[in-house]
Amino acid sequence: MTSYALTNARVLGNDDFHSGHAVLVQDGRVAAVLPEDSLPAGVPRHDLGGGWLLPGFIDVQVNGGGGALLNNTPDVDALRAMMRGHRRFGTTGMMPTLISDDAAVMAQAIAAVRQAIAEGVPGILGIHLEGPYIAPARKGTHDAGKFRVPGPDEVAMVTSLDNGVTLITLAPERVPVATIRAMVGSGAIVCAGHTAGSYEETRAGLDAGITGFTHLYNAMTPLQGREPGVVGAALEDPHSWCGVIVDGVHVHPGSLRVALAAKPRGKVLLVTDAMPMVGADDPSFELYGEVITAVDGVVRNAAGSLAGSALDMATAVRNTVDLLGLPLAEAARMASTYPAQFLRLDDRYGHIAAGYQADFVLLDDALQVQATWIAGQRE
C-alpha cells in the first residue's frame, strides 16, 4: 500500500478552508483528512508551503489543448496531448469536446475516448459531442454543412461509450422530443446550446430530459421582456446546470452575476471551451480547413465569430474571484465540485474527502498553479 500525507496547506473542505489539517493519500485515493498531529507515525509527509489545496478542476468543454484539436486528430495521442496541455493549469479531469462533424469522425472520437479510458490515460472522463444537432442561426464557428437530425442508428452510435460519460449539446428546436428522450434513456447527459429556440421549445427540451446549457448566453436566444428565450428558460429552471466562460470576453461580468443570482447555488460551473493553443506555443490552429489565430487572447474565425477560447481553468478561477467577486472557495467549487455533480461523478471526484480519488490542484497566494495530482500522482 502506497501512502503519504500532504501537510501545511489550506485544504478546501465541504464548508471552507481548513489549516492545520493533513490529507492522507493511500493507493490513489483520499484515506482521511485529519489534524496534522493525528497523522500515523512513519507516513511520508510532503510540505505544501501553506498553499491552497483544492479539488482538481474538471472541465466539461475542451475542444483542444497542447497543440491538438480533437476534430483534426480524433485519437488517443490527441487526448494525451490535450490533458498534458491543460493539466499544468489545474485540470485533472476533462470531457474532450468534438465540434460538429461527420458521423465517421464522431465514431472515431468515441472510439478514441473508449480506448484512452481503458488504457488509463489520466483525466479522460468521457466525451462531449457539441453538435452537429444544432441551429444554423446560432452556429458560431461550427460548419452548418455538418448539421443534421439524428436517426435511431446515429443515436445508438453517439450514446455507445460504455466506460465513460457522454455529453451531447443540441438545439432542442432541431431535435424531436422523442429523440432527446432516447438519448437520455441511453445514459447521455443532454445540454441545450447553439440554439435559436424559443422559451417554449427549451422548456419542452427540459421536460424531455435536458439538464444543462452549454456556454450560457453564447449562441442562444437572449432573455427579453416578452420573449424569455433560451437564456430565460435556463435562468428560471432550478434543476439544470449552466456552463459559463469567464474570460471577460464571451460574457459581460454583469450578466454572469445575474446568472449567479438567478440560479441555485451549485448550478453554475466554469468551462473553458478551450482550443489547441492552451498549453502550447502556437497561437494558431486549423478548423474545417480555416486557420484560426488567437489575438490578445481572443479566438475568432475569419467571419469574426468567437471560435472557442484560449482560456484555462486556473485563469477562469482567478477571473471568477477578480471579475465576479466570489470567494476562492466558491470559485474552486465551480471548477470542481459542481462539474462533478453535473457529470454524475460526485461520488468519486470534486471533493477532498475520504474515499474520493486523490485529484488535487495546489495554488499559491497569487492563485497560480504550483502542482497537480491525479489519482495521487503528482506532476
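Which residue is the bridge partner of Leu6 in β4? The partner is Val23.

## About the model

This is a predicted model, in which local features need pLDDT of at least 70, side-chain atom pairs count only at pLDDT 80 or more, and totals for chains, interfaces and linings use all residues. Residues are numbered from 1 along each chain as its sequence is written, and side-chain values use heavy atoms, with hydrogens and water left out.

## The sheet

Helices (H or I, at least four residues) and strands (E, at least two) are DSSP runs, numbered from the N terminus. Strands count as paired if DSSP finds at least two bridges between them. Strand β1 (residues 3-7) runs antiparallel to strand β4 (residues 21-26), and four bridges join them.

These two belong to an open sheet of four strands, ordered β5-β4-β1-β6, with mixed pairing. β5 (29-35) and β6 (45-47) are at the edges with a single partner strand each, so one side of each has no neighbour in the sheet. From one strand to the next, the twist averages 25°.

Helix α5 (residues 199-208) and helix α6 (residues 229-236) have axes that come within 7 Å and cross at roughly 45°. Axes are lines fitted to C-alpha atoms, for helices over the stretch in contact, and angles run from 0 to 180 degrees between N-to-C directions. α5 and α6 are therefore oblique to each other, the term for angles that are not under 35 degrees (roughly parallel), over 145 (roughly antiparallel) or 65 to 115 (roughly perpendicular).

Contact (heavy atoms within 4.5 Å) is made by Tyr199, Thr202, Arg203 and Leu206 of α5 with Gly229, Val230, Gly232, Ala233 and Glu236 of α6.
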